[in-house]
Each structure stands twice: as structure tokens, then as C-alpha cells.
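Please open the model in a viewer and keep the selection tool at hand.

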Amino acid sequence: MTELREDYEVLVIGGGAAGLSGALMLARARRSVLVVDGGEPRNAPADGVHALLGHDGVPPAELLARGRDEVRGYGGHLAEGRVESVSRDGDGFEVTLADGRRVRAGHVLVATGLVDELPEVPGLRERWGRDLVHCPYCHGWEVRDRPIGVIGSGPMSVHQTLLFRQWSDDVVYLRHTAPPLTDEQAEQLAARGVPVVEGEVAAVETAGDRVTGVRLRDGRTVDREVLTVAPRMVARTGFLAGLGLRPQPHPSGMGEYLPADESGRTEVPGVWVAGNVTDLSAQVGAAAAAGARTAAMINAELVNEETRRAVEARRDARGWVTTNPL
């Protein structure tokens, strides 16, 4: 178990791309920083991270291991654990871990990502990240030219279908529980040669260790080699409830996120967010960039505060010299 210091300038909650990138920026800025990570990365089931310049195809675990080594190389601390709560403590925060450890920090950067809530269809969860995918930019090339079935689950499902049509001309839209098509959507799918199958999906059909299609509740089967779905995405921020920070419905209808301004500031001073916890659609590269940007903003705020105190101290010292010449 990692021995924690009592006090850090910045505590990063979450050791994915956003959290480690933020911690790396802060450690290089000579800040005392601790990363607490629960070890449940969202992309763990995937074979590789794609569309990440210079690292395309790298296994997710390998990418994170490299990131952890880099943070340590600049003096950053890392600890395994799950944060139970964050509470205000004077001008900073007290963070309590599930195992009872406590640590104090002046600022908190939350980069815990999100949870993908999949439709309740037997066999679906087992295929997640393999032949059940959701992001065409992450997986489209790997499933190109194969028969794809898009399981409708929400307001973004038709958009998702049209995107995957870029990678295959054999795409079927399984409406499942998604809203009925508007006239415009029906026309779009027809124009792109995408058949629409009405009826709720009852189960995923497999043979060996691969998807062969889906079975509908009325007994029909639809042959497919790849399935896609738009999960409901919910930010992992339950530990912030004591500060009054709770996930809000995303305007797109995709799930729940924690709102923040462009710099990553939340409505609670000193609490910042980066990555999927506030940007539901961010890929690994975007999440890492957001972590670095928000960390730079945190450091800038710390520099401003240190400068303010230094100016005050200098003024006080000059005033003391003036009134006390000896």
C-alpha cells in the first residue's frame, strides 16, 4: 500500500488519460501531486487505443503504465484506491478513501471518467469492446466492410448509424427501444441504403466466441457480425455529493455529466474536472489534452495566489521597515 503524505497541492482522482496527463503537467510544474486511481478504466476491454497520434493500436493497459511511469519520473505520487468522499477543509479539501486513508489537498482535479450503461439485452455486456462497439472513430476501421447492426437505444442512435455507414455498406438499423423515426430520419437511412428492422432485441446470438446476430422478441433473427450501441453515459462523481456537485443531464440526451467552464472549473472553487467526466464524447487524445489544459489552469491559479501572498508580504515588510528603522 502506498504511503501517502498528509498534504498535497493537487489531488487527481482518476488515473486514466485525463488524470495522468494532468498529473504529468503538474509534476513537471514542480507541484506536489497525488493520483488516486480505482483501477477500472473505461476502455479496458478494448484491444487497442486508436486514432491517438504516435500510439495508434497501443493496448490501453500499456498506455496507462507508460503514463504512470512518466508521472513518477517527475516526482508525482500514485496510489491505488477508491475515493469515498471529498469535503471542504478550510481553504482546501479532505479526501477520504474507501479503505479509511485520508489526505488533504488545496485543489482537486476529478478525472474519473464515466460508466457506460448498456441496454438490458442478454449477451450484450459480454461482447462489449470486442464485437460490440460504440465509437466509429475508435473501432470503425477494425470492423470495416463487415455486416453491422446498430441497436437503437436513444436519441443519438440514428446519427450513430449514419456514421458507421461510412465504414461499411452493410449496415442495418435495429430500432429496438429507440424513439420512432421521424420522416427526415427515415429518408436519410433509406437514402444511405440502411434497412430498418422494427421490434425489440431479445438476445445476442453467438457461435463459439463471436457474434452471429440478434434474436428479436417475435422470434426473428437478424444475421450480423458486429453490433453497435449508444450506451447511456454517466459521470462517476458520487463522491462529490457532499460538496453539492452532482451529474446533470447532458443537453444531447446521451447521459449525465458534470458541467464546468472551458478551463475545467466547476461551480465549487478548487474543484476541477477533465476528460469524460465532463465531456462524454471525448476520445483518449481529447481527454489527455483536456487533462493537460486544466492542469495548466490549476498551476496558473496557484502561481497567482502565491504571487498575491508574496506582494502582501513585501508590502508588510516595507511598512515595518518604514515605521521601525532599527
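How many bridges join strand 17 to strand 18? Select residues 255-257, which make up strand 18: 2 bridges join strand 17 to strand 18, and the two run antiparallel. Strands here are DSSP runs of E with at least two residues, helices are runs of H or I with at least four residues, and both are numbered from the N terminus. Two strands pair if DSSP finds at least two bridges between them.

The model is predicted: local features need pLDDT of at least 70, side-chain atom pairs count only at pLDDT 80 or more, and totals for chains, interfaces and linings use all residues. Residues are numbered from 1 along each chain as its sequence is written, and side-chain values use heavy atoms, with hydrogens and water left out.

Next, select P249, which stands opposite E256 in strand 18. Widen the view to the open sheet, where 4 strands follow the order 7-16-18-17 with mixed pairing. Its edge strands, strand 7 (114-117) and strand 17 (248-249), each pair on one side only.

Now select Y137 and W167. Their rings form an edge-to-face aromatic pair, 5.7 Å centre to centre with 85 degrees between the planes. Rings of Phe, Tyr and Trp (its six-membered ring) pair if their centres lie within 6.5 Å; planes under 30 degrees apart are stacked, over 60 edge-to-face and the rest tilted. Y137 belongs to helix 3 (residues 136-139) and W167 to the loop between helix 4 (157-164) and strand 10 (171-174), so the pair ties together parts 30 residues apart in sequence.

Finally, select R144, which lies over the face of W141 at 4.1 Å from the ring centre. A charge sits over a ring if NZ of Lys or CZ of Arg is within 6 Å of the ring centre and within 35 degrees of the ring normal. R5 lies over the face of Y8, at 4.9 Å from the ring centre.
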